Amino acid sequence: MSSITLKLVLDLLKCSPKIDTQSDRIKLQKEIYLIQRCGIDLGYQYRWHIFGPYSKELTSTYYDLDACLRAGEMDYTWYSLKPSNGMDNAIKRFNELSSVPEKINSCIVDAPYKDKSIAWIEFLSSVDYLLHNKPNNTKEEDVKEYLRNKKGNLVINFDEVYKFTVDLLKSKKLLLN
């Protein structure tokens with residue numbers, strides 16, 4: 001049933017279930033991470049990984065979904081998600097976050113993925129994950145420097161993009177002021 005739920009949520013978000021390439025899988029991981037942070041709890045637990053937040057359970061689910069779709073199974077068509085205000089608000093926040101903001105579009109590097117949207121969603125979700133999950137005794141400045149070393153290749157003008165990203169996450173109430 002979890003692969004059906006994943007398919008229904010991806011359809012709601014207008015996101016592809018395609019996992020043919022590493023870029024596809026990275027994007028899907030970050031999309032589900034972000035929609036959970038926006039308010040639709042699918043139960044996936046995340047940990048830090050080289051590409052940012054990563055869920056082993058989600059990986060298993062999306063490979064199951066991929067196998068079902070390739071086999072032509074259509075079980076997911078028997079189900080639907082009951083919309084709610086909370087779900088609509090979460091989707092709206094997700095859409096506002098996941099699109100590369102015009103203000104920093106020129107600062108996002110497309111080289112690692114040949115797609116700025118994947119670089120942006122990896123950078124955004126990494127900033128969110130590390131700031132949201134940092135131990136109490138860790139300073140934000142230390143997190144920022146860690147991100148500069150690990151994700152600085154995804155952006156030009158790291159300080160500007162980092163500040164913009166933190167402010168954006170705060171404005172969407174994902175991070176506390």
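The buried residues of helix α1 are covered by elements that include α2, α3 and α4. In this predicted model, the buried positions of α1 are Ser3, Ile4, Leu6, Lys7, Leu8, Val9, Leu10 and Leu13. Helix α5, for its part, is largely enclosed by the rest of the structure, since 14 of its 18 residues are buried. The largest nonpolar core has 51 residues, and α5 supplies the largest share of this core, ten residues.

- Just after α1, Lys14 adopts a positive phi of about 60°.
- Helix α5 covers residues 116–133; its 18 residues should span 26 Å at 1.5 Å a residue, and the distance of 25 Å between its end C-alpha atoms agrees with this.

**The nonpolar core**

- In soluble globular proteins, nonpolar side chains tend to be buried together.
- Within the largest nonpolar core, the residues that touch the most other members are Leu6, Ile32, Ile35, Leu58, Trp120, Phe123 and Val127.
- Two or more residues of this core come from each of α1 (2–13), α2 (22–38), α3 (56–70), α4, α5, α6 and α7.
- The ten residues given by α5 are the largest share of this core.
- Ile32, one of the core residues that touch the most other members, is in contact with Leu6, Val9, Leu10, Leu42, Tyr44, Tyr46 and Leu58, when residues up to four places away in sequence are not counted.

- Met87 belongs to helix α4, which comprises residues 85–98, and is buried at a relative accessible area of 15%.
- With neighbours within four places in sequence left aside, the contacts of Met87 are Leu12, Ile40, Leu81 and Lys82.
- Met87 and Ile35 are 52 residues apart along the chain, and their C-alpha atoms are separated by 9.6 Å.
- Ser98 also lies in helix α4; with a relative accessible area of 16%, Ser98 is buried.
- Ser98 is in contact with Trp120 and Ile121, again leaving aside neighbours within four places in sequence.

**Aromatic rings**

- The whole structure contains seven aromatic pairs.
- Phe158 and Tyr162 form a stacked pair, with 5.8 Å from centre to centre and 20° between the planes.
- These two residues are four residues apart in helix α7, so about one helical turn separates Phe158 from Tyr162.
- Both partners are buried: Phe158 has a relative accessible area of 7%, and Tyr162 has one of 4%.
- One aromatic cluster is formed by Tyr33, Tyr46, Trp48, Tyr129 and Tyr146.
- Tyr46 in this cluster is also among the contacts of Ile32.
- The charged end of Lys7 sits over the ring of Tyr76, at 4.8 Å from the ring centre; Lys7 is itself one of the buried residues of α1.

**Cysteines**

- A search of the whole structure finds zero disulfides.
- The closest cysteine sulfur to that of Cys15 is in Cys38, and because 11 Å lies between the two, they are too far apart for a bond.
- Cys15 counts as buried at 11% relative accessibility.
- Cys107 is likewise buried, with a relative accessible area of 5%.

- Asn157 has a positive phi near 60° although Asn157 is a residue other than glycine.
- Asn157 is located in the loop between α6 (140–151) and α7 (158–171).
- At 44% relative accessibility, Asn157 counts as partly exposed.
- Lys173, which is not a glycine either, has a positive phi of about 65°.
- The position of Lys173 is in the segment after α7, and Lys173 is exposed with a relative accessible area of 69%.

Key. Residues are numbered from 1 along each chain as its sequence is written. This is a predicted model: local features need pLDDT of at least 70, side-chain atom pairs count only at pLDDT 80 or more; totals for chains, interfaces and linings use all residues. Side-chain values use heavy atoms; hydrogens and water are left out. Buried means under 20% relative accessible area, exposed over 50%, partly exposed in between (1.4 Å probe, protein chains only). The expected span of a helix is 1.5 Å times one less than its number of residues. Contact means heavy atoms within 4.5 Å. A nonpolar core is a set of buried Ala, Val, Leu, Ile, Met, Phe, Trp, Tyr and Cys residues joined through side-chain atoms within 4.5 Å. Rings of Phe, Tyr and Trp (its six-membered ring) pair if their centres lie within 6.5 Å; planes under 30 degrees apart count as stacked, over 60 as edge-to-face and the rest as tilted. A charge sits over a ring if NZ of Lys or CZ of Arg is within 6 Å of the ring centre and within 35 degrees of the ring normal. A disulfide is a pair of cysteine sulfur atoms within 2.5 Å.
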